[in-house]
Amino acid sequence: MLPILSVSEFIEQINGIIAGEFIIEGEISQYKISQGKWIFFDLKDDKAVVNCFATVFSLTQLLEDGMKVRVLGYPKVHDKSGRFSVTVQKVELVGEGSLKKAYLLLKKKLEEEGLFAIDRKRVLTYLPAKIGVIASRDSAAFGDFVKILNNRWSGVEINLLNVAVQGEQAIKEITEAFNFFNTQETECDVLVLIRGGGSLEDLAAFNSEAVARAVYGSKIPVVCGVGHERDESLADFVADRRASTPSNAAEIVVPDRRDFISELDFSLEHIFSSMQNKILKQRRLIEQSFYTISSVLEAPLQKCRTLMENFKRVPVLLQNNLSVYQAFVLSAQRLFKNVDPKQVLKRGYSIARDLNGLIIRSSKQLDVGSEFVVEFGEGNILAEKIDSKNRSKKQTKLF
Amino acid sequence: MTADKKINFSKSYQELQKIVIWFEKEEVDLEEGIEKFEEGTKIVKELKEYLEKMENKIKELKK
């Protein structure tokens, strides 16, 4: 005789019977998120479908219809709806197609969030002293990196943190490594995250959100070099510089010794020729100043010289022209003789002077009764001006 | 080159860059110029020697 159960008891018993964890592989369809909290989707294969349920907090993997996944969860009949579903704890992507889809989904999400933004990329130190490397110690990637670094440059310290670059532990170890470099006082100038190439599954850690965010959050600039030229990873996009290969990462972080030395030589040559040029310029300036000064002084000097020359020529000229001068003197003598007033007096003229010897040019200069001297060609007389009117009166009286 | 003689490579290089920029000026004091030129020559020599003598070191860190 079967016991009679209430609905609640029935569901409770069923849930007891089916209790346990299962891994179910299938394709996702009808994927939706409700109220930003609950995730619902169907997991199906060719013949059957099962409802799945999860919370956004427990399921960080981005999913999409058509993805092939392996779901870890437990089956449950829900009290209130009577619906049977699998409560999902973990989802693992299966096959390249799903990985590709998940990769693109996450890429889009991070891109929209601004993790790949060009303007947040930092410039690397040109000459790093310390380089932090996050890689697998025994990988070809690390070997290549060191080899190229040694070929190119000297004197840097490589601080290696050996991590798993694939598998279960990879994400945890890589994110911890970023945390270590950023919290310990290692004083690295740059962090380099490298690994060799591989399938999407191999590169899963480098495409994980956690690693992308660790790269994004690093205070120290990050160079990421994963796989071969054609490979790309989300860590690449977030990094400050993307290297196409681990070797290329070495080329990015340090300059080439030969280029650097020729740059040094060039610098030296440049300052040498600049110095030389400046000396020449200074010399020209001095020469110019000298020229200016001497040209200013030259004018009066030249005048002086000309004067001196002319002066030197005077006696010569005098000597040469002595006869001319003698003739000139003779004729001048004759001339002076002719204009000598004494000569004129000899011809019958006379000069009247006052007692001071000044020549009297007008009778008005003399008062009546004043004395004056009359100078003849030969001898003088003292004379007196008399009143001509009185004189005429006298004469009238006389006659 | 011993450890205590080790130069700060990046700092020395920056010094050199400063000297190169200094020489770009139109008016420079010749005496100072000669000093700077000598300093530049010394830095270049040091940097070259450093690159020749030093090797890269690998240190594995433990978390």
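Predicted model: local features only at pLDDT ≥ 70, side-chain atom pairs only at ≥ 80, totals over all residues.
Residues are numbered from 1 along each chain as its sequence is written, and chains are lettered from A and ligands numbered from 1 in the order in which they are written. Local features need pLDDT of at least 70 and side-chain atom pairs count only at pLDDT 80 or more, while totals for chains, interfaces and linings use all residues.

Chain A contains 11 helices and 13 strands. Helices (H or I, at least four residues) and strands (E, at least two) are DSSP runs, numbered from the N terminus. Of the 399 residues of chain A, 23% count as buried. A residue is buried if 20 or more other C-beta atoms lie within 10 Å of its own, exposed if 12 or fewer, and partly exposed in between, with C-beta atoms placed from the backbone. Among contacts in chain A between residues at least 6 apart in sequence, those joining residues at least 24 apart make up 63%. Two residues are in contact if their C-beta atoms, placed from the backbone, lie within 7 Å.

Strands E1 (residues 22–34) and E4 (residues 68–77) of chain A run antiparallel and are joined by six bridges; two strands pair if DSSP finds at least two bridges between them. A:Gly26 has A:Val69 in E4(A) as its bridge partner, and A:Val69 also stands opposite A:Leu93 in E5(A). Nine bridges, again in the antiparallel sense, pair E4(A) with strand E5 (residues 84–93) of chain A. These two strands, E4(A) and E5(A), form a hairpin with six residues between them, and A:Gly82 in the turn has a positive phi of about 70 degrees.

Most residues other than glycine have a negative phi. A:Gln30, in strand E1 of chain A, has a positive phi near 55 degrees. This residue, A:Gln30, counts as partly exposed because it has 13 C-beta neighbours inside 10 Å. A:Gln35 is not a glycine either, and its phi is positive, about 55 degrees. A:Gln35 lies in the loop between E1 and strand E2 (38–44) of chain A and counts as exposed, with 6 C-beta neighbours inside 10 Å.

Helix H4 (residues 170–183) of chain A has 14 residues, which at 1.5 Å a residue should span 20 Å; its end C-alpha atoms are 20 Å apart, in agreement. The expected span is 1.5 Å times one less than the number of residues. The buried residues of H4(A) are A:Ala170, A:Ile171, A:Ile174, A:Thr175, A:Ala177, A:Phe178 and A:Phe181. They cover an arc of only 150 degrees around the axis, which puts them on the same side of H4(A); the arc is that of the directions from the helix axis to the C-beta atoms. The buried residues of H4(A) pack against strands E6 (130–135), E7 (157–162) and E8 (190–195) and helix H5 (209–217) of chain A.

The largest nonpolar core has 50 residues, and those with the most contacts inside it are A:Phe145, A:Ile174, A:Val192, A:Val215 and A:Ala235. A nonpolar core is a set of buried Ala, Val, Leu, Ile, Met, Phe, Trp, Tyr and Cys residues joined through C-beta atoms within 7 Å. H4(A) supplies the largest share of this core, six residues. Another core, of 14 residues, lies apart from it and includes A:Phe41, A:Ala54, A:Leu63 and A:Tyr103.

Between the chains, 27 residues of chain B are in contact with 30 residues of chain A. On the side of chain B that touches chain A, two or more residues come from each of helix H1 (9–22), helix H2 (30–53) and strand E1 (57–60) of chain B. H2(B) gives the most, with 10 residues. E7(A) and E1(B) run parallel and are joined by four bridges, and A:Glu157 stands opposite B:Lys57 in E1(B).

In H1(B), the buried residues include B:Tyr13, B:Leu16 and B:Ile19. They cover an arc of only 115 degrees around the axis, which puts them on the same side of H1(B). The face turned away from this buried side carries the exposed residues B:Lys11 and B:Ile21. The buried residues of H1(B) pack against helix H8 (257–320) of chain A together with H2 of chain B.
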